Amino acid sequence: VAHIVAPLIVQIMEEIFKLMDQVGSDELVATLDVIIECFPGQVSPYAQGVCVRLADSFVRLAQGCDEDGASEENSSLAASQCCSAIATLLDSIKGQPHVFTSLEEPLVGLLTQVLTVDASGDYAYSEYLEDALDIHTYLTYYSPTISTALWTLFQPLAQSFFDWAVDYLPNINMPLINYISRDTPGFLSVPTRTEVIFRIISKVFEADFSSDSDLVAACQLAQVWVLSCAAHMDKYIPGIILLIVRRLQTRAPKRPRARTAVFKVCAACLLVNSPLVLLTLEAQQATDKLFQLWFHDIVAGEPSTGPSGVPEFTRTYFKHAADKKLCCIGLSAILGVPPESLPASVRNGLGYMVAAILTFLFDLDRLIFNAQNGKDGGETATAATAGQGGGEDDDVS
């Protein structure tokens, strides 16, 4: 059937769009979505026109004003399906970054409507935020550059978070991270943007309602921000460390992924300016407590038996290579500080720090060995170097 349909794709899509102008049916848009997914080669040359039509259809359907009086619910479903079809189209052309530039105008307009208030001060399109963020992520990741038009969405995106979309931080994170990592000079060119990122992170760390999954998202954002803007972080590192200390003191995360994420942010700050981190910890009288928790988590695990019968430990925290590498480098940065500049508590605990670094290096060596030998033991360490610790469920909720 595909070879029969392929030459007629353009005509079929045109007829579907005509029907969509008359009937707000999510099934029609779903059909278009399937066509885009199954025939990307035939559709991509017409990507701009398809995007314009889908964006226009989204606005009309989201307003629930079909000419034939279709129900508001059907229109809402069809509008959501329009966003899904746009995301499918963007995915099909992600290997052609130059095409994204021609799609910015209609899509930035669509995203602006979702992310801003209407004349009455309401977010009229708030129910489509998750779909819109998928589109936003594609644009900020696959476009050749972060254009001025795309940057106009940064503040509305952040404002939506502050006004009502706190629960969407994992989705909002993706375009925010793309802005910071793909156009760091552009991000830094407007000082209020760095303030916004710090406010987002602070809101999550300090809020009583924030879950461990929210904390993971905030830590991911903080980590990218710190490492991407390393030369400009001295103003913010003390504030970030203070947020970490307070969270660990008041509501320390219990889930392994969240605890790992918090210490990775600390490691990133140490890598950027370890003397400033240590100075901040000393001012809060939190140096001992933070490193004790960190060193405990580094060796925590559950006993197991390796493939050859050798006793091993499955690590509870810092399970992945990226976790181990960042923490290892962050802790190693402390060793580069002149001894006379180290707080006494850190100086006295250098042996533990070296042991923690060696543990990470050993674990990384095991990961490489197991990967090369096709073993499923990449998150284990032999009992000789692993400390005792209780395991926890790695799910984040």
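On a 1 Å grid over the protein atoms alone, a pocket is an open set of points where a 1.4 Å probe fits, with protein on both sides within 12 Å along at least five of seven lines, and its lining residues have an atom within 4 Å of a point. The model examined here is predicted, so that local features need pLDDT of at least 70 and side-chain atom pairs count only at pLDDT 80 or more, whereas totals for chains, interfaces and linings use all residues. Residues are numbered from 1 along each chain as its sequence is written, and side-chain values use heavy atoms, with hydrogens and water left out.

The second largest pocket is lined by Thr287, Asp288, Phe291, Gln292, Phe295, Ser345, Val346, Gly349, Tyr352 and Met353. Helix 17 (287-299), helix 19 (344-348) and helix 20 (350-372) each supply at least two residues of this lining, helices being DSSP runs of H or I with at least four residues, numbered from the N terminus. Helix 17 contributes the largest share of the lining, 5 residues.

For the largest pocket, 17 residues form the lining, and those closest to the pocket centre are Arg257, Thr260, Ala261, Lys264 and Asp323. At least two lining residues of the largest pocket come from each of helix 14 (212-228) and helix 16 (256-283).

Elsewhere, contact (heavy atoms within 4.5 Å) is made between Met13, Glu14, Phe17, Lys18, Met20 and Asp21 of helix 2 and Val50, Arg53, Leu54, Ser57 and Arg60 of helix 5.
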